[in-house]
Amino acid sequence: MWFSLILLSFSTIITTSIGFSNSSDKAHCPPPEEVKPCTCSDSGEVSALCTGIHDESAIINVFSKHSNWNIHAVHFDRCILDYIPSAIVNYGNIEKLNVSSSTLSSLFDEPPTKTPKITIYLYDVKFSRGIEWELLANSSISGLGTFNVDIRHFGKDFKEYMPEVVKHLWFEDSKTVRITHQAFQRMINLEILTLTGGSLKHISRDMFPRPWNIKFLNLSRQKFTSLPKDLFEDLPELTMFSIMKNHLTTIDVDIFTKSGASYFLHDNPIYCNCDIKWITTSGKESSKVFFGKCADPDSFKGKSLNTLTEEDFNFCQ
């Protein structure tokens, strides 16, 4: 239930962030001819949509003419550019910067001189030089979401330059294969971390702060066969942990009793034998909620984890 709400909420964020009203321009938008090749709409918040642009100077021209433009969101779609001019984040009250189906050499030409609390969404963006994390250094972005953007390695540059004030990070279908030691340790304010659609086989607790007030952690669609014993230590605020579509075969009592979170284990080959009987017992463990199904043995196949009872394991010693 909670996980469905997270997905719905996140879908809503993306839709509203990059969606534009077809209604006519209102008073908060400049005359249409003055914002070409972009368009402006005002459907509760003022947004600019810039489509098919190949010239950075055209972007600078639009925004420099309207330095007092009270704009909240900017969306670049199907553009081929060397970079997004960093100066545009200085205009108005920009809260969202969206780039979709575009090709960039670099995200910005230089680190923004003004650092508002914006959220950046990158959907299906190709970077010829990869994401240069130093361009986000000293910024106060509240969130970064990448979707179908290759980030093979979260290395030393990510560790050093990703702002510690960031609260939300989504890396979906990132094709990540490796995370460097202590990569996320500076991000003490992080509340949501999604890292899905890669080939990660190993993760360690020292990649993250200790203690850490993360609320939602999603490591779905990776290659995990097991988790470290201390993964859930010092996570007092963790509410949901998702590791769907991995290769876990059991639910280890030494791991999953260290947090009061709900666990989403769908599409893992869970073998429902005596080793997981503990999830049905009374006491502290009964507060844990597990979502997913047994894959084996045949007598348990297809049974929902959260419907298993002690009676199902009467055969255990």
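**Cysteines and backbone**

Guide: Number the bonded cysteines of the protein chain in sequence order, and the pairing reads 1-3, 2-4, 5-7, 6-8. A disulfide here is a pair of cysteine sulfur atoms within 2.5 Å.

Visitor: What should I know about the model and the numbering?

Guide: This is a predicted model, where local features need pLDDT of at least 70, side-chain atom pairs count only at pLDDT 80 or more, and totals for chains, interfaces and linings use all residues. Residues are numbered from 1 along each chain as its sequence is written, and side-chain values use heavy atoms, with hydrogens and water left out.

Visitor: OK. How many disulfides does the structure hold?

Guide: The structure holds 4 disulfides. One of them joins Cys38 to Cys50, with an S to S distance of 2.0 Å.

Visitor: Where do Cys38 and Cys50 lie?

Guide: Cys38 is in strand β1 and Cys50 in strand β2 (residues 46–51), so the pair ties together parts that are 12 residues apart in sequence. Strands are DSSP runs of E with at least two residues, helices are runs of H or I with at least four, and both are numbered from the N terminus.

Visitor: And the hand of the Cys38 and Cys50 link, right or left?

Guide: Right-handed, with 105 degrees about the S-S bond of Cys38 and Cys50.

Visitor: Is that pair buried or exposed?

Guide: Buried. Cys38 has a relative accessible area of 3%, and Cys50 has 0%. Buried means under 20% relative accessible area, exposed means over 50%, and partly exposed is in between (1.4 Å probe, protein chains only).

Visitor: Now the strands around it. How do β1 and β2 run?

Guide: β1 and β2 run antiparallel, joined by 5 bridges. Two strands pair if DSSP finds at least two bridges between them. Thr39 has Leu49 in β2 as its bridge partner.

Visitor: What about the turn between β1 and β2?

Guide: That hairpin has 3 residues between the strands, and Gly44 takes a positive phi near 110 degrees.

Visitor: And β2 with β3, parallel or antiparallel?

Guide: β2 and β3 pair in the parallel sense, over 5 bridges. Ser47 has Ala73 in β3 as its bridge partner.

Visitor: What about Cys79, then?

Guide: The sulfur of Cys79 is 6.8 Å from the closest cysteine sulfur, in Cys50, and that is too far for a bond. Cys79 is buried, with a relative accessible area of 1%.

Visitor: New topic: backbone. Where are the cis peptide bonds?

Guide: One joins Lys36 and Pro37, with omega about 10 degrees. Pro37 sits in the loop between α2 (32–35) and β1 (38–42). Another joins Arg210 and Pro211, with omega about -5 degrees. Pro211 is in the loop between β13 (192–195) and β14 (216–218). Most peptide bonds are trans.

Visitor: Which residues have a positive phi without being glycine?

Guide: Arg78 is one of them, with phi about 55 degrees. Arg78 lies in the loop between β3 (73–77) and β4 (80–81). Asp124 also has a positive phi of about 55 degrees. Asp124 is found in the loop between β7 (119–123) and β8 (126–127).

Visitor: How exposed are Arg78 and Asp124?

Guide: Arg78 is exposed, with a relative accessible area of 54%. Asp124 is partly exposed, at 25%.
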